[in-house]
Each structure stands twice: as C-alpha cells, then as structure tokens.
Amino acid sequence: MERKEKLMQLLKNDPSDSFLNHALALEYIKEGNDDEAENIFITLLEREPGYTGSYYHLGKLLERKKDYNTA
C-alpha cells in the first residue's frame, strides 16, 4: 500500500489528526497536487493554528503558485 493510501486509511479513524493531515498534504505536494495540499493545510491550520510546520509548507506552496501576498 502506498503512503498516501495508508495515511487516508488512518485518517478514517481520526480525521482531525493534525500529524496525519500534514503528512497527507506533503504526499499531495510530492504528486504535484498543490491545490489538494493547500486545502488540507488551510483546514488543518484553521482547526489547529499552533501547528507551525504547516505554515512553512503552505507558504512555500503559495510561493510556487506566485501568490506572494498570501504566502
């Protein structure tokens, strides 16, 4: 089973797990699916604003999308 599928399976048991959501967003980035990763990071940070590692990755993602003001 691929990492992304394993993370999705684990998230079925606890959809609000910040670590698993962060890891899933990183898998989407690896696949080139920045839109899905962005959605996950935003949802995660709305729910848990103190999850600081996600700010960095979201910022880098937005920078790649040339959304400098939001980044």
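Which side chains does a polar contact of 2.4 Å join? They are those of Ser 18 and Glu 48. A polar contact here is a pair of N or O atoms within 3.5 Å; within protein, one must be able to donate a hydrogen and the other to accept it, and residues adjacent in sequence count only if both atoms are side-chain atoms.

This is a predicted model, where local features need pLDDT of at least 70 and side-chain atom pairs count only at pLDDT 80 or more, while totals for chains, interfaces and linings use all residues. Residues are numbered from 1 along each chain as its sequence is written, and side-chain values use heavy atoms, with hydrogens and water left out.

Start with Ser 18. Ser 18 lies in helix H2. Helices are DSSP runs (H or I, at least four residues), numbered from the N terminus. Ser 18 counts as buried because its relative accessibility is 8%. The cut-offs are under 20% relative accessible area for buried and over 50% for exposed, with partly exposed in between (1.4 Å probe, protein chains only). Setting aside neighbours within four places in sequence, Ser 18 is in contact with Leu 44, Arg 47, Glu 48 and Tyr 51. Contact means heavy atoms within 4.5 Å.

Now widen the view to the helix pair. Two packed helices are described by the angle between their axes and the distance between the axes. H2 spans residues 18-31 and H3 residues 34-47; they pack at about 160°, with axes 8 Å apart. That angle makes H2 roughly antiparallel to H3, a label for angles over 145 degrees. Axes are lines fitted to C-alpha atoms, for helices over the stretch in contact, and angles run from 0 to 180 degrees between N-to-C directions. On the H2 side, the contact includes Ser 18, Asn 21, Leu 24 and Tyr 28. On the H3 side, Ile 40, Phe 41, Leu 44 and Arg 47 are among the residues. By class, the contact has 9 nonpolar, 3 polar and 3 charged residues.

Step back to Ser 16. Ser 16 sits in the loop between helix H1 (3-13) and H2. Ser 16 is partly exposed, at 39% relative accessible area. Leaving aside neighbours within four places in sequence, Ser 16 is in contact with Asn 21 and Arg 47. The C-alpha atoms of Ser 16 and Leu 44 are 7.8 Å apart, though 28 residues separate them along the chain.

Finish at Lys 66, in the segment after helix H4 (52-64). Lys 66 is not a glycine, yet has a positive phi of about 65°. At 61% relative accessibility, Lys 66 counts as exposed.

Note on methods: Helix = DSSP H or I, 4+ residues; strand = E, 2+ residues; numbered from the N terminus. Parallel < 35°, antiparallel > 145°, perpendicular 65-115°, else oblique. Nonpolar A, V, L, I, M, F, W, Y, C, P; charged D, E, K, R; others polar.
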